[in-house]
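Open your viewer and get ready to select a few things one after another. Each stop says what to pick and what you will find there.

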Amino acid sequence: MAAVVLRSCRKGLSHILKNGGVATILPKTLRGVRQKSYVQYVTRPELPKLAYRRVKGKSPGVVFLPGYGSNMNGLKAEALEEFCRSLGHSYLRFDYTGHGLSEGVFTDGTIGTWKKDVLFVLDELAEGPQIMVGSSMGSWLMLLAAIARPEKTAALVGISTAADHVVTAFKSMSLELRKEIEEKGVLTMPSKHREEGAYTFTMDFLKEAENHCVLQSPIPITCPVRLIHGLKDDDAPWHISMQVAQRVLSPDVDVILRRHGQHRMAEKDDIKLMVYTIDDLIDKLTTLV
């Protein structure tokens, strides 16, 4: 069973907190005016351009992977940029194909499509091993990328991990309900975090996603892994993080549960916990070097 643990802050973060508190690493929606990276675009042969923001700095760098239908301008993504900038570490965030400012049609996207986006970003935009931070579906893509690019993966931080979730949810339904969904061609999953009130997935999306499921067997990942999940997550249950922790081969896996945490994990204390966790990993990785 994975441990539930947080270690002490390193000196860099402690200094930040003493000189203005965690507000100094939170985005302007949670505090005041701040400096910001600018949007850039990377071109790929015969594929849509990807929009990204990058801060250059020390290694290990941090790469943020947003959730399904989300983008690189969320609270967690922006707070991480402030944090990485304050410590002088590199940071990269981007929009998947069909998301945010990137080109492409959202409804044409698949888990495979977005996995390729992540691998391209790791190969072409990120320098050296990275701490990948994935939110919801981004954590699923994070695991897939770590399996495919172990040499570019220094550590993983999953937030509200939703690995395999849409496939598992469909398969757990009654045979009668599955047949009804197959006839309609669309699976609808209620969510209070969507403007539409639900996530909608086509059967083609579900069938393609099955090719990328990771929870049926041991997950060949050996780097440090941290999984943060809210016990009140109604979109992706916290036991998914426990399943991931039990299946990864890494000997260094911690699961951190937030008693009142919800799916987005975007409250001030949620973001502080995320930052503390990444800060601890940076300290661990640089100490090992």
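A word on burial before the first selection: buried means under 20% relative accessible area, exposed over 50%, and partly exposed in between, with a 1.4 Å probe and protein chains only. Helices (H or I, at least four residues) and strands (E, at least two) are DSSP runs, numbered from the N terminus. This is a predicted model, in which local features need pLDDT of at least 70 and side-chain atom pairs count only at pLDDT 80 or more, while totals for chains, interfaces and linings use all residues. Residues are numbered from 1 along each chain as its sequence is written, and side-chain values use heavy atoms, with hydrogens and water left out.

**Whole chain.** Buried residues account for 54% of the 289 residues.

**Helix H4.** Now select residues 137-148, which form H4. Which of its residues are buried? They are Met137, Gly138, Ser139, Trp140, Leu141, Met142, Leu143, Leu144, Ala145 and Ala146. With 10 of its 12 residues buried, H4 is largely enclosed by the rest of the structure.

**The largest nonpolar core.** A nonpolar core is a set of buried Ala, Val, Leu, Ile, Met, Phe, Trp, Tyr and Cys residues joined through side-chain atoms within 4.5 Å. The largest one has 59 residues, and Ile111, Met132, Trp140, Leu156 and Val166 touch the most other members. H4 gives the most to this core, with 8 residues. Another core, of 27 residues, lies apart from it and includes Ala77, Ala154, Ala155 and Ile256.

Next, pick Ile111 and show its contacts (heavy atoms within 4.5 Å). Beyond its neighbours within four places in sequence, Ile111 meets Met137, Trp140, Leu141, Leu144, Phe205, Glu208, Ala209 and His212.

**Phe201.** Move to strand E8 (residues 198-202), where Phe201 sits. Phe201 counts as buried, at 7% relative accessibility. Its contacts, again leaving aside neighbours within four places, are Tyr68, Val166, Gly185, Val186, Leu187 and Met189. The C-alpha atoms of Phe201 and Leu187 are 5.1 Å from each other, though 14 residues separate them along the chain.

**Strand E4.** Select residues 89-94: 6 of the 6 residues of E4 are buried, so the strand is largely enclosed by the rest of the structure. In a regular strand the side chains alternate between the two faces of the sheet. Here, His89, Tyr91 and Arg93 lie on one side and Ser90, Leu92 and Phe94 on the other.

E2 (residues 47-55) runs antiparallel to E4, joined by 4 bridges, and Tyr52 stands opposite Phe94. E3 (residues 58-65) pairs with E4 in the parallel sense, also over 4 bridges.

Most residues other than glycine have a negative phi, and most peptide bonds are trans. Zoom in on the bond from Ser59 to Pro60, which is cis, with omega near 0°; Pro60 lies in E3. Then find Glu46, a non-glycine with a positive phi of about 60°. Is Glu46 buried or exposed? At 84% relative accessibility, Glu46 counts as exposed.

Terms used
Pairing = 2+ DSSP bridges.
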